[in-house]
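Take a look at the structure below. The report after it walks through a few parts, one at a time.

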There are 2 protein chains.
Amino acid sequence: MINQVLELLEEKKYAQARNVIEEMNAVDVAAIFAQLEERETIVKLFRILPKELAAEAFAYMEPDIQQNVIEAISDKELSYILDEMYMDDYMDLLGEMPANVVKRLIKNASEETRGLINQFLNYPEDSAGSIMTIEYVDLKRHLTVQQAFDHIRKTGVDKETIYTCYVTDENRVLEGVVTAKELLLADPNEIVGNIMSTNVIYVQTLDDKEQIAKLFSKYDMLSLPVVDKETRLVGIITIDDAVDVMQEENTEDFEIMAAISPTDESYLKTPVFTHVRKRILWLLILMLSAMITGQLITHYEDAFAAIPLLVSFIPMLMDTGGNCGSQSSTMVIRGMALDEIQMKDFFRVWFKEIRIALVCGIILSVVNTLRIWIQYGDFFMAITVGITLLITVIIAKSLGCILPMLAKALHLDPAVMASPLITTIVDVCSVFVFFNMAIWILHV
Amino acid sequence: MINQVLELLEEKKYAQARNVIEEMNAVDVAAIFAQLEERETIVKLFRILPKELAAEAFAYMEPDIQQNVIEAISDKELSYILDEMYMDDYMDLLGEMPANVVKRLIKNASEETRGLINQFLNYPEDSAGSIMTIEYVDLKRHLTVQQAFDHIRKTGVDKETIYTCYVTDENRVLEGVVTAKELLLADPNEIVGNIMSTNVIYVQTLDDKEQIAKLFSKYDMLSLPVVDKETRLVGIITIDDAVDVMQEENTEDFEIMAAISPTDESYLKTPVFTHVRKRILWLLILMLSAMITGQLITHYEDAFAAIPLLVSFIPMLMDTGGNCGSQSSTMVIRGMALDEIQMKDFFRVWFKEIRIALVCGIILSVVNTLRIWIQYGDFFMAITVGITLLITVIIAKSLGCILPMLAKALHLDPAVMASPLITTIVDVCSVFVFFNMAIWILHV
């Protein structure tokens, strides 16, 4: 359907394009804008859209497309869009645009919105305040269900959700919550105060958004109220934003675990030098750390000068140690991210990893010892590598669970203690154990 | 609050416990059950709960707790719970319980449910059918809004969501969708057919659940209709289940990228031998592959017999290559998982990675060359390592983007081509380049 519209636009058949587009979802309309390059066509398309659809589609566009549109349309059209936008989308927009566009956005916003901007700018980046919106339905406890519906009918069209309604007192203090389902199934003359639930799960404006996303997934909620220090209702967070936070946090963990500084830009749109900046620091740190292993090896020159074959086992020991460590750290980091593993489980986790390491280590060790014994016919050489491997696996899996939990205890991000860093640390250990075993068993 | 209830239960103050618990959320009630060990207390707690809350809490329990409860309660209580359960939760339960419990579950289900079980058992594990539920609101197009509300009031209490209603014809073919918000804001005498949206986003029973979760996040939906081959509506998927799928898929990617076979068990509840089974295969494969690097090194015995110092650079080269490769593969795998990178972007991505590799490689290489030159005063040695490092970084970052995209093209999971496998492949390359450079530049 998107291609059909694009073709019609190219052939300048605007009336037909409008007919097709009117039936479309705002997300798909936004996708059409992303395909257009000429400013002229963008304005044209924007102007044939029904106004509401245009405004809704605008909220779904990528920032660079939004900027294109803003720069192409008139002030009047712009202020229409801004009026239709929810506060959370509006704040996102302000955050993404360059200074001159921001100026125009603020100039064309309603007076009420301008008043709110300052308040919202005070919420820290990762806080509940930064992702909440103010378009919620608020009810009073003394209303009847019928009156509540009248209120929803009157004000609901501009609300981001009407399915969870919040009951507040005269000072805007949150008193309870009632769902549209409960209202619908209740008697029209029932009092809201009687059917609302008073055991409300809420968050405060400064709460961390990652924790909030977890609340959504724990309690299967569609929206969550945000209150200030006096438990006055100031906004709500909706499930779609919570899902975005969840995915962002996952992406961040993937990046940190691969020794990349996280950003929220998409891969293709990020310039090469930004990518380099996100990656080079950790690469340098890890490269310089890996030199420690190198320095250590030079201490054992005599050993591998006597038996050069020893050197050939280093890659296998290093890689296997790294892999074992990254398996454990991944399980622990992910377990902590999902709250399946708590700090109090420390010894349980460690004991489990030690047992896993023993079993894995013995299997790997036996396979390796036999392989070397058969290939080189040197039993003592084989047993040297075998024992080293077993010890390496145990060290790797121990560090793999200890370091992320230690990081958490120190209020660092556990994801930092992932494969790259653990591999580097385990390398030193395995080389040290290996050559000492060789000196001890093979008397080199 | 959970601790308070636990204390009251311990002191056998059941009436007081009931008062506290009645105000609680079903998720928290489920958490109390998870803390109890004695079957006697479990039954006791279960029996003091209001019936509906008991049934709702049951759906939120972990499988082992559910089994405890099932084995503790009477057949009559069990069939009450099963009646209250949504079909998707019921199917999950059947999938988790041992054979004897399953037998009892089927015996105590309603006749209607028993008829549906066979149908649901036919849906493959990762399909839309396996996560959908059948408790949706269906309307007819000729109804007025008022009649629609009457229908919702009559049937809504048992529906998993009433906020999106599905309009079907007499053959159950899906015709349109109308939200509770649209109904509420419409005139009571308006005809449903006039306000419903006919451009419905739907999925088929066999569609992959990962793709479905992506639809939710793309279109910000609360529920999604599932149709059969004749576009007859057979069920719906709700956002809470889509969020679970999203998190499962993320966990799966984390595990596969750390060379662990994925499962959906939680870390602490998985026995040691299951953990070993999930990890050992990849460890063995990667260990045996790492031996190739070892074998390769033995070919260059003469080189490092002449200059033993060469050996000390191997860990740094291997680690840096591995880190560079895993950075690139992580970015590409995650980008593909989020649909930010498509197959058609292959050359764009590769070109980008080559440029990133060049810049990163030159920086790392210069730092390294200077370090070695200063430390050992041997310029040619330094330049040998430096050039090798640059080439290694370029190879690593190229493989890091090529292999995951190749995997996708071959319909394999791109996440397999992550750090562990790429590290092993890059190892061979870096050792090969290194010794050939040494032979060429240092004439060893």
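## A helix and its cover

In chain A, helix α4 spans residues 39–48, and its buried residues are T41(A), I42(A), V43(A), L45(A), F46(A) and I48(A). This is a predicted model. An α-helix has 3.6 residues a turn, so residues three or four places apart point the same way.

What covers the buried residues of α4(A)? The cover includes α1 (2–10), α2 (14–22) and α3 (26–35) of chain A. It also includes α5 (51–60), α6 (63–72) and α7 (75–84) of chain A.

## Where the two chains meet

Chain B brings 113 residues to the contact, and chain A brings 112. Between them, the two chains bury about 10,300 Å². Carbon and sulfur atoms account for 68% of that area. Three residues stand out on chain B: F254(B), Y267(B) and L268(B). They supply 8% of the area that chain B buries against chain A, more than any other three residues.

How many salt bridges cross the interface of chain B and chain A? The rule finds 2. One of them involves E353(A) and R279(B), whose closest N and O atoms are 3.0 Å apart. The rule also finds 39 residue pairs in polar contact across the interface. Which helix gives the largest share of the side of chain B that touches chain A? Helix α17 (residues 272–299) of chain B does, with 19 residues. By type, the residues on this side of chain B are 60 nonpolar, 28 polar and 25 charged.

Chain A has an open sheet of 3 strands, in the order β4-β5-β6, with mixed pairing. β4 (203–204) and β6 (233–238) of chain A each have a single partner strand, so one side of each is left without a neighbour in the sheet.

Strand β5 (residues 223–227) of chain A runs antiparallel to β6(A), and 5 bridges join the two. Opposite L224(A) stands I237(A), in β6(A).

## Two residues with positive phi

A259(B) sits in the loop between α16 (239–257) and α17 of chain B. Its phi is near 60°, a positive value in a residue other than glycine. Is A259(B) buried or exposed? A259(B) has 4% relative accessibility, so it counts as buried.

H411(B) also has phi near 60°, again a positive value in a residue other than glycine. H411(B) lies in the loop between α21 (379–409) and α22 (419–442) of chain B. H411(B) has a relative accessible area of 75%, so it is exposed.

Terms used:
Residues are numbered from 1 along each chain as its sequence is written. Chains are lettered from A and ligands numbered from 1 in the order in which they are written. This is a predicted model: local features need pLDDT of at least 70, side-chain atom pairs count only at pLDDT 80 or more; totals for chains, interfaces and linings use all residues. Side-chain values use heavy atoms; hydrogens and water are left out. Buried means under 20% relative accessible area, exposed over 50%, partly exposed in between (1.4 Å probe, protein chains only). Helices (H or I, at least four residues) and strands (E, at least two) are DSSP runs, numbered from the N terminus. Contact means heavy atoms within 4.5 Å. Buried area is the accessible area (1.4 Å probe) that two parts lose on being put together, summed over both. A salt bridge is a side-chain nitrogen of Lys or Arg within 4 Å of a carboxyl oxygen of Asp or Glu. A polar contact is a pair of N or O atoms within 3.5 Å; within protein, one must be able to donate a hydrogen and the other to accept it, and residues adjacent in sequence count only if both atoms are side-chain atoms. Ala, Val, Leu, Ile, Met, Phe, Trp, Tyr, Cys and Pro count as nonpolar, Asp, Glu, Lys and Arg as charged, and the others, Gly among them, as polar. Two strands pair if DSSP finds at least two bridges between them.
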